[in-house]
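Trainee: I would like to go through this model by question and answer. Where do we start?

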Amino acid sequence: MKKILFSFFCIGAVTSVFAATYNVRVDTYVGDRLEDKFEFVIKEGEIQQKGYDGKYLAKRFLAKGFDHLNIKSINKTDAPVQNEKKETEKTVAEQISEKIFKLRTAQVTAEKRAENAQMEAQKNRDEIAELEEIEKLMKGSPMSAKMKYDKYVEKRAPTKDDIDDAKRMARLRKIKYQDFEEYDIGSYCRMKIEKIINPNKIQFRISYAYSRLLSMAYHDGKNTDNAITKYPIFEIFERLGTKAKITLGKPYCIQFTRPSSLEEAKTIQDAISQTRLFSGSDVSALTTENVDEDAEDKEPEKKKGMYDTKGSYEKIKQKYQLEASKTVRAVFTITEIK
């Protein structure tokens, strides 16, 4: 029996050591012109990801514009001198009164913090006592202990309403308290080997996105008091959780339809900003570590473009050669590393 188990262990170890490894090159063509490229190595049983190249930070419509950094630093240098002049102009009574007010404010804040710390400490003490009681019960009656522990977890776990409220508040906070927006720039790619069909053909699951600045939208209005009256329009292309059977060495293409006008690009941008994986206000807490892989299969409902397709790059290039300027093409070339 030991020999059989040892044999299985050896087979598993050899399989993991010699897992198939592939080099993936992705070239992105905008209007038939190469605009982005990257490469990575992917192994069977692993997920590889290439994140966006950067973020574009833009003030919202009618928000205050960004300051000039050099002027800001000059103002900071001048500030202590100005404050010193103002301080000398105050009477002793005014200075004492201000100091008392600041100290009282600091005292109230410190007392509040201390009160919160005491409440937190007491809460922890209560939980520790409850868990220790369950731990003792575990030695004599494991079933009863498990039931008590389940009740403990249920009592303290956030409800669905709590989670929904937290998401709602996070979204509201982002909209209400931030006067700027972030946009992704560049390419994103997440790949996994689904199945090795034969030595030359592999089935992948691919999530790919590309985001680029297209133009600026201008509104009528004055820039008095540092107000911003324009915002950026991005071309954003996404294909999430798509399955692709790719022949090694032969370029595979995911083709997107480019917006035909600035107005259409704006509409697409607004629609995509509401999806749950790549952008939008509800996904700030969603990281690549906790993304549900199955969730990627559920692509958000959006209108399919006239030239949206996938398959052999050579066939797509030949079929749509006259429409190349109206497309974005992500071309995947995969070779085995031996």
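Trainee: How many helices and strands does the secondary structure come to?
Mentor: Keep in mind that this is a predicted model. Its protein has 338 residues, of which buried residues make up 28%. The secondary structure comes to seven helices and 10 strands.

Trainee: Is Val-26 buried or exposed?
Mentor: Val-26 is found in strand 1. Beyond four places in sequence, Val-26 touches Asp-36, Lys-37, Phe-38, Tyr-208, Val-331 and Phe-332. Its relative accessible area is 0%, and the cut-off for burial is under 20%. Val-26 is therefore buried.

Trainee: With which side chain does the side chain of Thr-28 make a polar contact?
Mentor: Thr-28 lies in strand 1, residues 21–30, and is buried at 0% relative accessible area. Leaving aside neighbours within four places, the residues in contact with Thr-28 are Arg-33, Leu-34, Glu-35, Asp-36, Tyr-208, Tyr-210, Val-328, Arg-329 and Ala-330. The polar contact, at 2.5 Å, is with the side chain of Tyr-208.

Trainee: Which residue has its backbone oxygen 2.9 Å from a polar atom of the Thr-327 side chain?
Mentor: Thr-327 is in strand 10, residues 327–336, and is buried, with a relative accessible area of 1%. Not counting residues up to four places away, Thr-327 touches Tyr-29, Val-30, Gly-31, Gln-255, Phe-256, Arg-258 and Tyr-307. The backbone oxygen at 2.9 Å belongs to Ala-324.

Trainee: How is helix 3 oriented relative to helix 4, parallel or antiparallel?
Mentor: Two packed helices are described by the angle between their axes and the distance between the axes. For helix 3 (residues 92–140) and helix 4 (residues 142–156), the angle is about 155° and the axes are 7 Å apart. Angles over 145 degrees count as roughly antiparallel. Helix 3 is therefore, relative to helix 4, roughly antiparallel.

Trainee: How many nonpolar, polar and charged residues are in the contact of helix 3 with helix 4?
Mentor: Helix 3 passes helix 4 in a left-handed crossing. Helix 3 contributes Glu-127, Glu-130, Leu-131, Glu-133, Ile-134, Leu-137, Met-138 and Gly-140, and helix 4 contributes Pro-142, Ser-144, Ala-145, Lys-148, Tyr-149, Tyr-152, Lys-155 and Arg-156. By class, this contact has eight nonpolar, two polar and six charged residues.

Trainee: What is the phi of Asp-32?
Mentor: Most residues other than glycine have a negative phi. Asp-32 lies in the loop between strand 1 and strand 2 (33–43) and counts as partly exposed at 42% relative accessibility. Although Asp-32 is not a glycine, its phi is positive, about 70°.

Trainee: Is Asp-225, with its positive phi, buried or exposed?
Mentor: Asp-225 lies in the loop between strand 6 (201–218) and strand 7 (230–247). Its phi is near 60°, and Asp-225 is a residue other than glycine. The relative accessible area of Asp-225 is 59%, and the cut-off is over 50%, so Asp-225 is exposed.

Definitions and conventions: Residues numbered from 1 in each chain as written. Predicted model: local features only at pLDDT ≥ 70, side-chain atom pairs only at ≥ 80, totals over all residues. Heavy atoms only, no water. Helix = DSSP H or I, 4+ residues; strand = E, 2+ residues; numbered from the N terminus. Buried < 20%, exposed > 50% of the residue type's maximum accessible area, 1.4 Å probe, protein only. Polar contact = N/O pair within 3.5 Å; in protein donor to acceptor, adjacent residues only side chain to side chain. Contact = heavy atoms within 4.5 Å. Axes fitted to C-alpha atoms, helices over the stretch in contact; angles between N-to-C directions. Parallel < 35°, antiparallel > 145°, perpendicular 65-115°, else oblique. Left-handed = near helix turned anticlockwise from the far one by under 90°. Nonpolar A, V, L, I, M, F, W, Y, C, P; charged D, E, K, R; others polar.
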